[in-house]
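Subject: Structure for you to look through

Dear colleague,

I am passing on the structure we spoke about, together with my notes on it. Please open it beside this message and take your time with each part.

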Amino acid sequence: MLPSCPVACMCMVVDSMPYLARYVNISCLTTGILHHGQRQVPLLFSSAALSHTAKQNVYKYQDDLVPRSLSWGTPNSVEQFQKCSIGNFLGTGLPFLDSASPLSVDEFVQRRNKLAKALVADQVDAFVVEPGYTFQYYANISQKDWEVWEPEERPFLMIVHPSTNVSTGEVKGATTFLAPSFEVERVRLLGMPFAEELEIVPWEEHWNPYQTLRKYWSLQTAEYAVKADPKVMVDEEMRDFIQRGLVNNGFDVVGLGGEVERVRQTKSQSEIEILRAVNTGTVEAIRAMRKCMYAGLTENEVIEVLDNTLRTAGLEPFFDIVLFDEDASNPHGGTDGTKVLEATTLVLIDVGAHLYGYSSDVTRTFFPPFFHPITSDPSLAASSNTHLKQHVHTIVFDAQSACIHSLIPNATAASPDIAARDVITSAGYGPYFTHRVGHGIGIKAHESPYLNKGNTGVRLRDGMVFTCEPGVYLEGKFGVREEDVLLVKKDGEAECLSGRRSGGPFDP
């Protein structure tokens with residue numbers, strides 16, 4: 001419960017407040033300003049739907065922030081650690097959110113129109129999808145938006161097919177939904193981004209839904225009526241029993257590929273700006289948190305504080321890997337999170353968050369802020385592989401640079417991996433780089449194309465977005481990985497969408 005407010009302001013509860021209320025002495029929340037004692041701290045609502053508006057409020061009052069970056073002293077408890085981390089993060093003013101905003105209806109209309117043109121190019125009659133990431137991409141509804149409980153057996157399908165204007169020849173996307181009859185009204189209430197009335201084909205519980213869809217198409221479209229087996233494309237999210245249902249009722253089902261797959265691989269400017277905001281913000285949260293770390297923290301405590309810090313800016317974490325020293329020799333961990341931070345510990349953090357439905361995926365490897373080999377005990381540095389850790393970090397950074405230089409249009413999806421791997425192999429650590437160098441990223445953290453040395457058949461295109469994340473993992477000692485998110489540009493080197501790259505293990 002918040003304390004009582006002065007008459008001049010109104011207290012509000014937002015979904016980041018449980019974290020802030022626990023760690024910060026809140027007296028009042030008013031239009032995006034958090035009053036901490038006599039100081040004013042910019043507060044950004046954690047609801048992604050409000051983050052843009054709240055961000056404007058931060059800047060509206062930025063001249064009153066004295067000072068903008070709080071000094072919390074040296075933390076010696078998790079509570080103080082959290083205060084310090086949130087204070088540092090909010091004290092930046094969160095400028096990374098400036099260019100991002102929710103996607104418009106027109107953005108989704110254009111996506112479906114591009115899909116229709118791709119279907120024509122691939123000589124496919126329609127694209128069929130059920131709620132999931134692909135459905136979210138084309139109609140802004142995820143699986144959980146449709147079924148909070150679990151994916152169920154009743155098919156709810158979106159079918160997008162090309163519609164050609166006979167006068168102009170222009171191709172646009174036409175969309176039909178197959179839905180259980182008792183769910184039709186709920187489908188309309190989903191608020192999907194369509195400018196026109198939804199076209200829904202209902203099916204009763206005792207009917208065959210796939211046969212119902214086939215009959216509807218035969219009645220509505222002369223082309224489908226005469227075609228023995230209309231060709232429909234599905235992706236990897238389509239469950240097997242639905243694919244079999246379509247095949248058994250007169251559809252020729254093919255897997256995702258060609259121009260249809262490339263629609264989602266190439267990002268619009270709106271997507272790019274959201275990806276820039278969420279990835280830059282995630283890196284800045286790591287930096288803000290690192291400044292507050294102290295000896296004795298566990299990996300799990302760092303995860304909790306970093307996640308809460310992200311939430312204060314409207315970034316909702318969906319995975320967070322924090323590994324100390326030898327725990328990081330397995331790239332994705334697997335230990336119990338209880339290892340304790342020491343002065344010479346090398347910390348690996350791989351974390352992702354969502355903003356407006358889009359993902360961040362960044363990694364930083366660094367030493368704690370209270371350790372530096374120049375001022376610390378030389379014997380301590382020597383006994384903890386400190387110089388080796390710095391040496392390997394330099395190799396990994398150089399490998400990441402090689403990956404970035406290879407992200408150019410018309411290069412193969414294998415070339416960035418090969419370039420990074422050559423650097424690490426030449427340095428003598430080839431066997432310890434155990435995974436691909438990167439992957440596409442968008443509404444999913446891992447999307448195609450995938451950057452591995454065997455993917456020679458896929459060409460990179462302007463507008464594709466990838467991670468570059470080479471690593472070296474020495475069993476029983478430590479692991480190093482640096483990961484940023486890069487945009488392939490038509491002219492020039494790839495653009496970093498995660499802000500500034502690491503400046504080394506003392507400046508992540």
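The mean pLDDT of the protein chain is 86, and 82% of its residues reach 70 or more. Over residues 1-50, however, the pLDDT is below 50, although this stretch has 116 contacts in the model beyond near neighbours in sequence. Residues 52-72 also stay under 50, with 48 contacts beyond four places in sequence. Where pLDDT is low, the predicted coordinates should not be read in detail.

The sheet to find is an open one, made of six strands with mixed pairing, in the order S7-S6-S5-S4-S8-S9. Its edges are strand S7 (200-203) and strand S9 (252-255), each of which pairs on one side only, and from one strand to the next the twist averages 30°. Within this sheet, S4 (residues 126-129) and S8 (residues 231-234) are parallel and share two bridges, with Ala-126 standing opposite Val-232 in S8. Helix H8 (residues 209-220) packs on the sheet, where it touches S4, S5, S6, S7 and S8, and its direction makes about 140° with that of S7. Helix H4 (residues 105-122) lies across S4, S5, S6 and S8, and runs at about 100° to S6.

Leu-486 takes part in both pairings, as the bridge partner of Phe-466 and of Cys-496 in S20. In S19, Asp-484 and Leu-486 point one way while Val-485 and Leu-487 point the other way, and all are buried.

Finally, the whole structure holds 25 salt bridges. Arg-276 meets Glu-273 at 3.1 Å, N to O, and both residues lie in helix H12 (residues 269-290), three residues apart, about one turn of the helix. Arg-276 also meets Glu-495 at 2.7 Å, a pair that links helix H12 to strand S20 across 219 residues. Is Glu-273 buried or exposed? Glu-273 counts as buried because its relative accessibility is 15%, under the 20% cut-off, whereas Arg-276 at 22% is partly exposed and Glu-495 at 23% is partly exposed. Salt bridges that share partners join Glu-273, Arg-276, Lys-489 and Glu-495 into one network.

Conventions
Residues are numbered from 1 along each chain as its sequence is written. This is a predicted model: local features need pLDDT of at least 70, side-chain atom pairs count only at pLDDT 80 or more; totals for chains, interfaces and linings use all residues. Side-chain values use heavy atoms; hydrogens and water are left out. Two strands pair if DSSP finds at least two bridges between them. Helices (H or I, at least four residues) and strands (E, at least two) are DSSP runs, numbered from the N terminus. Axes are lines fitted to C-alpha atoms, for helices over the stretch in contact, and angles run from 0 to 180 degrees between N-to-C directions. Contact means heavy atoms within 4.5 Å. pLDDT is the predictor's confidence in each residue, from 0 to 100. Buried means under 20% relative accessible area, exposed over 50%, partly exposed in between (1.4 Å probe, protein chains only). A salt bridge is a side-chain nitrogen of Lys or Arg within 4 Å of a carboxyl oxygen of Asp or Glu.
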